[in-house]
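Here is a short tour for anyone who likes to look at backbone angles, strand pairing and ring geometry. Keep the viewer open and follow along.

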Amino acid sequence: MGSIALSPAEDKLVSTSKDQTVKILDLSILKIKESYPLPEPASTVSFFPSTQTFAVGTTNGSIFVLGAEKMKETMKFEKIHKGNNSDYLLCEKSHHIYAD
């Protein structure tokens, strides 16, 4: 497991893993609600305050923004390098932020 995060409502636990998956555990029934495949290993996860939206950081530097209720990708940012600096680029497949 890479990282875990508790939702602001404390009803879901999200975990990341080096097996390139994000899993949502429904704490009311203690079962995995959904599993979402990523194209690269994940290393960290964090919820946005007061929402069911969370961000997943990968070992390659990408950031995925996902909705915990419908587990759909809402945005993806890729790390780009400019000399000694790094910036993030919003990928063209992105959608508006999904928040419950």
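Which strand is largely enclosed by the rest of the structure, with 4 of its 5 residues buried? Before the answer, please keep in mind that this is a predicted model.

## An enclosed strand and its hairpin

The strand in question is β7, which covers residues 63–67. Because 4 of its 5 residues are buried, β7 is largely enclosed by the rest of the structure.

Its partner is strand β6, residues 53–58, and the two run antiparallel with 5 bridges between them. A hairpin is formed by β6 and β7, with 4 residues between the strands. In that turn, G61 has a positive phi of about 100°.

E10 is not a glycine, yet its phi is positive, at about 60°. This residue sits in the loop that links β1 (3–6) to β2 (12–16). E10 counts as exposed because its relative accessibility is 56%, and the cut-off for that label is over 50%.

L30 is the other case: its phi is near 55°, again a positive value in a residue other than glycine. Here the loop is the one between β3 (21–26) and β4 (31–37). With a relative accessible area of 64%, L30 is exposed.

## The aromatic pair

How many aromatic pairs does the count come to? The total is 1 aromatic pair. F47 and F54 make up this pair, with ring centres 5.4 Å apart and 55° between the planes.

Finally, turn to T16, which belongs to strand β2. T16 has a relative accessible area of 0%, so this residue is buried. Its C-alpha lies 5.3 Å from that of S3, although 13 residues separate T16 and S3 in sequence.

Technical notes:
Residues numbered from 1 in each chain as written. Predicted model: local features only at pLDDT ≥ 70, side-chain atom pairs only at ≥ 80, totals over all residues. Heavy atoms only, no water. Buried < 20%, exposed > 50% of the residue type's maximum accessible area, 1.4 Å probe, protein only. Pairing = 2+ DSSP bridges. Phe/Tyr/Trp six-rings, centres within 6.5 Å; stacked < 30°, edge-to-face > 60°.
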